Amino acid sequence: MTGVELIALAGSTSLLAGWRLYLVTFVTGFAMRLGWIDLPDKLVALDVLANPWVLVLSGAAALFEFFADKIAFIDTLWDGINTAIRPLGGALLALAIVDPGDPVWQVTAFILGGGAAFLSHSGKAATRAMVNTSPEPVSNMVVSTGEDFATAGLLALAIANPIAAALIALILVIASLWLIVAARRLFRRVLNRS
């Protein structure tokens, strides 16, 4: 992978970690284990994601998150618990992907990776807060399933074509910002009615 592709991969995986950190960790490690991701020697630190213990733990957490995320208000509790975990995980993923010999890139990747994961996590949490105001349970399951497919699809794209995934990630950043603003407006309207 070229330097630009590595940065694109770091940005995309960090952003997706804000939605589904455990799924991103599991799929990335699994793809490495099967040889689908050919990383340069300088990124040997990422081999830890392919460790069987990491695969089992991240797979179990991804499975738990899959079901917890489908139940209204439990997903909000889960998002609250993961408010610090997902951005830190996204930052660490980005940090592990860039050149370990250049401290400037390391700090930049850590800050941008954490910021991207926090932004996407905030957009996800804001969307869920809006969806949870609906009295029927189906909308939460539909939104959650859409997030599952979007994360898996974009992660596969990031592995196959990091540049295209980075462009889609940029669109998702803009969408996340819009969702945060929309949720804030909805929250204010609800409070003003009370």
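The model is predicted, so local features need pLDDT of at least 70 and side-chain atom pairs count only at pLDDT 80 or more, while totals for chains, interfaces and linings use all residues. Residues are numbered from 1 along each chain as its sequence is written, and side-chain values use heavy atoms, with hydrogens and water left out.

Start with the charges. Side chains of opposite charge can pair when their charged atoms come close. Here a salt bridge is a side-chain nitrogen of Lys or Arg within 4 Å of a carboxyl oxygen of Asp or Glu. The structure holds 12 of them. One joins Asp148 to Arg20, at 2.7 Å from N to O. Asp148 lies in helix α6 (residues 138-160) and Arg20 in helix α1 (residues 3-33), so this pair ties together parts that are 128 residues apart in sequence. Helices are DSSP runs (H or I, at least four residues), numbered from the N terminus. Both Asp148 and Arg20 are buried. Buried means under 20% relative accessible area, exposed means over 50%, and partly exposed lies in between (1.4 Å probe, protein chains only).

Arg128 and Asp69 form another salt bridge, with their closest N and O atoms 2.7 Å apart. Arg128 is in helix α5 and Asp69 in the loop between α2 (52-68) and α3 (74-81), 59 residues apart. Arg128 and Asp69 are buried. Arg86 pairs with Asp79 at 2.8 Å between the closest N and O atoms. These two residues are buried as well. A network of salt bridges includes Arg20, Asp69, Asp79, Arg86, Arg128 and Asp148.

Now the rings. Rings of Phe, Tyr and Trp (its six-membered ring) pair if their centres lie within 6.5 Å; planes under 30 degrees apart count as stacked, over 60 as edge-to-face and the rest as tilted. The count comes to four aromatic pairs. Phe66 and Phe67 make an edge-to-face pair, 5.1 Å centre to centre with 85 degrees between the planes. Phe66 is partly exposed at 35% relative accessibility. Phe67 is exposed at 52%. Tyr22, Phe64 and Trp78 form one aromatic cluster.

Last, the surface. Leu88, Leu92, Val107, Phe110, Ile111 and Leu112 make a nonpolar patch of about 570 Å². Patch residues have over 30% relative accessible area and no salt bridge; like charges are joined within 9 Å, nonpolar side chains (Val, Leu, Ile, Met, Phe, Trp, Tyr) within 5 Å. Helix α5 gives the most, with four residues. Ile111 lies in α5 and is exposed, at 55% relative accessible area.

How values were computed: Accessible areas come from the Shrake-Rupley method with a 1.4 Å probe; for residues, only the protein chains shown count as cover. Helices (H or I, at least four residues) and strands (E, at least two) are DSSP runs, numbered from the N terminus.
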